[in-house]
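Trainee: I would like to learn how to read pockets and salt bridges in a model. Where do we begin?

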Amino acid sequence: MLRTGRLRLVELELLIIPSLLILAGLTLVVLVDRGNLLFYWEDVYTAGAFIAALLFVHLFLTLSGFRGDQLIFPIVALLTGIGLVLMQRLDVLGRRPELPGIAIRQTIWVFIGVAVLTATVALFRRLESARRYRYTLAAFGVLLMLGLVTQSPIQGARLWYNLGVASFQPGEIFKVILVLFFASYLDERRDLLASEYRVGPLKLPPLPYLAPMLTMWGISMLVIVFLRDLGSALLFFGIFLAMLYAVTGRALYVWTLGGMFLAGSYLAYQIFPHVQTRFDTWLYPFEDPEDRGFQITQSLFALGSGGLYGSGLGYGSPDALPAVHTDFVFSAIAEELGLIGSLAVLGLYLVLVYRGFFISLNARNGFHQLVGIGLTTILGLQSFIIIAGDVKLIPLTGITLPFVSYGGSSLLANFVIAGLLLGISAADSRGRVGRR
Amino acid sequence: MSRAASVAGNGVPGLPQWRLKAMLWVAAAVALVLMGKLFYLQVLQNSFLGGKAQDAHLLERRLDPPRGAITDRNGVTLAANRSVYRLTADPSILSEEAAEDAAAALAPIVKRPVKELEDKLLGDGQWVSLATRLTPEQSQKVRDKVKDLKLRGIGLEPSHARVYPNGSLASHVLGFSNYENVGAYGIEGEYDEYLRGEPGKMAAEKDPSGNWLAIARQQIVPPKSGAEVELTIDSTVQYFAEQELKRTVTEQSAKSGTIIVMRPRTGEVLGMASYPDFKPQEFSQAKDPSVFVNPAVSLLYEPGSTFKIITMATGLAEGVITPDTRINDRGYVNVYGQTIRNWDLRPHPNESMTEVLMNSANVGASYVSNKVGKDAFYRRLRQFGFGAPTGIDLQGETEGMLTLPSDRRWSPINLYTNGYGQGIGVTPIQLITAHAAVANGGLLMRPYVVSKVVRDGKVVRENKPTVVRRVLKPAVAETLKGMMQTVVEEGEYQVARLDGYTIGGKTGTSSIPKNGGFSEYTIASFVGYSYVKDPQFIVLVKIDEPKKSKWGSEVAAPAFKNLARRLYAYLNMPPDKNTTGFRDRATAP
C-alpha cells in the first residue's frame, strides 16, 4: 500500500504536521498568556527539541533500513505534540498547585518515551523470548499489581507505587504484559479453544481451557474491589475479550463473558458503596453537583462552551476542570478547539486503531497478530473509556488518554506499544525485523 | 497483499481477515457514537451548557466587610463583630417541588416562616438571601440538612453580625446596625460611612448547586474592614449616669429621663444616658421604634428655672444688672393682661439678683429679660446656641424652638416668660452646652462624642475641642459662677450641696404644655458643675413626669448629688474647699 523503500518519505512528510503543530501551539500558548507579540527564543526551545526528537527517530528508522509502517509514528507524534501544547497551556495557567511544572516534566517524559520507542523497535527480536517465558512474565505482572495493596490510596484508589522522585503506575505496564501473555497463550491453544463440546443445547469450550477465562474475569473483579479502579478492570477485560474473539471467532464467548462482567459489576454496585457512587454520579450528576457530580458537570460545561470552533487556544478556562491534565484533557481540548478539534483528535485515534488492525492483519505469524490486536485494543479501548467518560456516555473512570494525558508511566507504556506495533509491521515470520 | 496475510508462514495459520475487519467495524461504530455525542454536546447543547458556563464564569459575589469596632475613651469595646452566616439560594435552578422541600426543611432551622422562604425560593434571579445572622451551629444544621436531603441550590456565605457586649449600655449613643449591617441612629448611623468598610468582590465560579468557588486568588478583592471609632464616652461614667437615672426614674415612677455628663472645657461628652433605653443587640424586639431616638439631642422641653442662669448671663453681659441689683418682688407681676407668678407665690421684697436665683423667682428673672430688652436678649440667646443645633456628632439632633420677635407667633409677653425658661423649647444637649459655656469662662464649645476614627492604625478623623464662639467675657462668667455657687451652698434647700466641693448649679421645674393648658406633671431638672473655679464636669439631670415630687430640687438635685459623689471618686477629684464639718470640728474644742 505505502511505498516501502529505504527512504521513508511518507513518514517524513507526515512529520511536518506535528512539527508545525508544536511550533505554532507552544508559541500561541505563551503569547496569549503574555498578552502581546513579544517573544523570546526560549519560547521555541521545547518545540525545537521535540522536532529534533522526531527527526532523530525518523533518521534512525531510515538509516537502520527499517521497512515497517510509516503512519504510526506521525500519528503518535501528533498526539504527543497536542499533549505537550496542552500541558504548556495548563502550566502557564498555573492556578492550581498541581499544574505548574507539568509542561517540563511531560516534555522530559516524552523524550524518554521517544528513546524507549526507538529501543523497542531495535530490540524487537527479543519479543520471542517473552513468548517463551510467558508464565514468568505473567507472574511478574500479577505480583506488581498485587503489591499495590500495600500502597496507600491516592484519591480513593491504589494505582501508584511511590518511588520518591516519581510515582509509578504498574497498571500501565501490566496491560502490555497482559497482551503478551494472552497472545502467547491463545496462539498456542487456539485450535483447542475453537473446538467445543455440547451440554444439551449449549456449545461449550473445553473445560480445562475455560479456567484462564474465569481467572481473567476474577482478576478484573478483584481490580474493581481492591484497587477501586473501574477503568483498568474494564480495559483488562476488554483486551481479553477482543483477543479471545480474534482467536476463536465466537461471539458467544464475547456475549457470555461480557454478560458476566456486567453481572459482576452490578454485584459490585450493590455491595460496594464506592462503585455505587461512581454509577450514581454518572446517571445523576446534578444530584450531588458540588461534590461527586462536580467533575462531570464541569466537563459538560467545558464541552458545551466550546461549541463548533472552540474558544481558541489559551482563551478557555480549563482550570475550572478538576484533574484537567489527566482525566479531562479531552474536555479541555474540546473547549478550546471546539467540535472540530475534538473530532480531529477522535479521528487520530481511529486512524491509529485502523493502522493497528491493519498491521495485525498483515503480521507474519499468529503471535504477532494477536499482540498487534491486543495492543491496538489497548489504545482504542483506553481512548474510548476516557473520552466516553468525559462526555458522560459511560461512567467516568480515572484512566489516561493515550499519548496526550500527563503522566510518565502512561506515556512510556504507550511508546512501548507504538514501538511494538512498528516492530510487528516490519517483522517477518520468524520475528526478525526485516532489512532490505 | 492483505489477502496473502490471512495465512502466515511458519506453518501457523493466521487469523481470518473478517474477524479483524469486524473488530474494526465495531471500533468505527463506537467512534461514530462518540462523534454523535460530541456533536450533541458541543453544537446542539452549546447554548444551554455554554450559557450555564458563562453564568458561572461571569457572576461576581459581594464579600461583606467586617464593621468597625466602637470603643469608649479607654478602649473598652462597646460594639464589635462576630462571625455569622448568610443563607442564600439560587432560585433559577430550583423546581417548584424542590423549593417547597427546601423551604420546609430550612425554615425551622433559621426560624422563619415556611411561606416566606418558599416565596423567596420561587422568585427570579440566581441569588437570593434567605436568612442572615445564622450562628455557626445553625449553619452546620443547614449543611447537614442539605446533605441529608440532597437539597440543591442552597448556599452559606460567611458574614459578620454586630455584637454589643454591654447590653443596653450607651444604647442611645451607639444606635445599632441592622441585619444588612447598615448603621442606624446614634454613632452607628452618624459614622456609618466610616464604620461600614468597603465590600470586597469575588469573581467566582458557581457550581450547579449555587455555591461559589473562588477559582483564583487574583480574582478576589478582599473587603476593607470598617474603621474603628473611639468615643469620648467613658463607659464607667456612662454606667454611673445610667444607674442613677434608672434609680431615680424608678423611684419617682417617672415617665422617662436623661442625664448628660460633659467636660465643660472641651465639650467632650463623658456620658449620655436616657431612659427607657434598649438593647442594640435586640433592636428588632423593640416594640416602638421611637425608643431608638436619642432624647438627649432630639427631645424638646421647656427648661424652666435652669434657664434663669442664661437670662442672668444676658443681664450681666449687657451690664443692666449686677449680682447686687435689687428689686422689689411682690410675688407676681401683671404684664399685657397676664399675671406672672413666682412658683411659691411668695413675695420677696428687696431681692438681690443672687437671691432671685436662690429663690428661683420668676418675677425676678422676667425683670432681667425685660431689662435687657428683646433685641439684646434674643441676640444673646442665639449666641448661646439656642434655636440652632449644637453640631454634636449624633444623628437626629433637633434645633430647638426659639421664637424670635420677628416671628408672627412672638408676642411681647414672651420676653417675660422666656426669662424664666417658659415658652422656649431646648434640647438637653443645648442647655448643658450653654451652661458649660458659663462654667468654662464664657466659651461655647461644640459638644462631641467621637474623639477619633482609626483605619488600619491611621487616624482618619479626629475631633478636637472646638470653640463655637465666645458668649461671655471671663469676668462676667466668673461673676455668674459665683452667684451659682451661692445658690447651691446657701440657697433655700441646699439640695445639691456636697461638703468639701465647690458646685455651681440650678434646679428647674417646668410645666408640661398640654392641650393649651398644662399637664398635672412636671419636668424636674438640675444643671450643675464642679469645681466652680476649674470645672471638671457638668451634669444635666432631667426627669420627665416624676410622681412622688414635682420639684427639680427634690427629684433631680439628689440624683445630681449622688452622681457627683461617684464622679469625684472616679475622676480623682479631691475636695477643693474646707468642709463645713471640718470647720465645725476645728472650732468645736
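Trainee: How do the residues of the lining of the second largest pocket divide into nonpolar, polar and charged?

Mentor: Ala, Val, Leu, Ile, Met, Phe, Trp, Tyr, Cys and Pro count as nonpolar, Asp, Glu, Lys and Arg as charged, and the others, Gly among them, as polar. Here the lining has 33 nonpolar, nine polar and no charged residues. This is a predicted model, where local features need pLDDT of at least 70 and side-chain atom pairs count only at pLDDT 80 or more, while totals for chains, interfaces and linings use all residues. Residues are numbered from 1 along each chain as its sequence is written, chains are lettered from A in the order in which they are written, and side-chain values use heavy atoms, without hydrogens and water.

Trainee: Is Glu268(B) buried or exposed?

Mentor: Buried means under 20% relative accessible area, exposed over 50%, partly exposed in between (1.4 Å probe, protein chains only). Glu268(B) is buried at 14%, whereas Arg73(B) is partly exposed at 27%.

Trainee: Which residues are linked in a network of salt bridges?

Mentor: Arg67(B), Arg162(B), Glu188(B), Asp192(B) and Arg196(B) are.

Definitions and conventions:
Salt bridge = Lys/Arg side-chain N within 4 Å of Asp/Glu carboxyl O.
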